[in-house]
Amino acid sequence: MAKTSSVNKNELRKLTVAKYSARRKELKAIIKNPTTTGEDRAAAQIKLAKQPRDANPIRVTVRCAVTGRPRGNLRKFGLSRIVFREKALAGELTGVVKASW
């Protein structure tokens with residue numbers, strides 16, 4: 001089990017990303033637009049830099065839904081490799097069959 005504080009912090013990051021996503025998208029569009037003047041681009045870069053660090057979606061960690069483990073996750077199932085294997089062998093995952101040949 002991961003520390004509860006780490007899991008909670010990651011959930012707060014998800015909320016922060018959702019809160020600032022529209023504004024980040026606008027600022028990024030201004031920065032990437034080739035017709036934007038130098039002053040406007042610089043102002044947009046400064047505004048983007050002033051946003052909270054946790055507003056960047058890169059800072060959100062993919063965690064296991066059961067244990068909160070941050071590494072070795074299968075995104076399709078939302079589980080870590082360890083929990084995935086346990087649930088697959090127990091037959092709790094629909095459509096997942098152990099390979100045999």
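**Entry 1: helices α1 and α2**

I looked up the handedness of the crossing of α1 and α2 and found it left-handed; this term applies if the near helix is turned anticlockwise from the far one by less than a right angle, and right-handed applies if clockwise. The model is a predicted one, in which local features need pLDDT of at least 70, side-chain atom pairs count only at pLDDT 80 or more, and totals for chains, interfaces and linings use all residues. Residues are numbered from 1 along each chain as its sequence is written, and side-chain values use heavy atoms, with hydrogens and water left out.

I noted that helices are DSSP runs (H or I, at least four residues), numbered from the N terminus. The axes of α1 (residues 4–32) and α2 (residues 38–50) come within 9 Å and cross at roughly 150 degrees. α1 is therefore roughly antiparallel to α2, a term for angles over 145 degrees. Axes here are lines fitted to C-alpha atoms, for helices over the stretch in contact, and angles run from 0 to 180 degrees between N-to-C directions.

I then listed the residues in contact (heavy atoms within 4.5 Å). From α1 they are Arg-23, Arg-24, Leu-27, Lys-28, Ile-30 and Ile-31, and from α2 they are Asp-40, Arg-41, Ala-44, Gln-45, Lys-47 and Leu-48.

**Entry 2: the aromatic pair**

I searched the whole structure and found one aromatic pair. Phe-77 and Phe-84 form this pair, with 4.9 Å centre to centre and 45 degrees between the planes, and it is tilted. Rings of Phe, Tyr and Trp (its six-membered ring) pair if their centres lie within 6.5 Å; planes under 30 degrees apart count as stacked, over 60 as edge-to-face and the rest as tilted. Phe-77 is partly exposed, with a relative accessible area of 32%; buried means under 20%, exposed over 50%, and partly exposed in between (1.4 Å probe, protein chains only).

**Entry 3: Val-96**

I located Val-96 in the segment after α3 (81–90). Val-96 is partly exposed, at a relative accessible area of 22%. Leaving out residues up to four places away in sequence, I found that Val-96 touches Phe-77, Phe-84 and Ala-88. The C-alpha atoms of Val-96 and Phe-84 are separated by 9.8 Å, and the two residues are twelve apart along the chain.

**Entry 4: Lys-9**

I placed Lys-9 in helix α1. Lys-9 is partly exposed, with a relative accessible area of 48%.

Note on methods: Helix = DSSP H or I, 4+ residues; strand = E, 2+ residues; numbered from the N terminus. Parallel < 35°, antiparallel > 145°, perpendicular 65-115°, else oblique.
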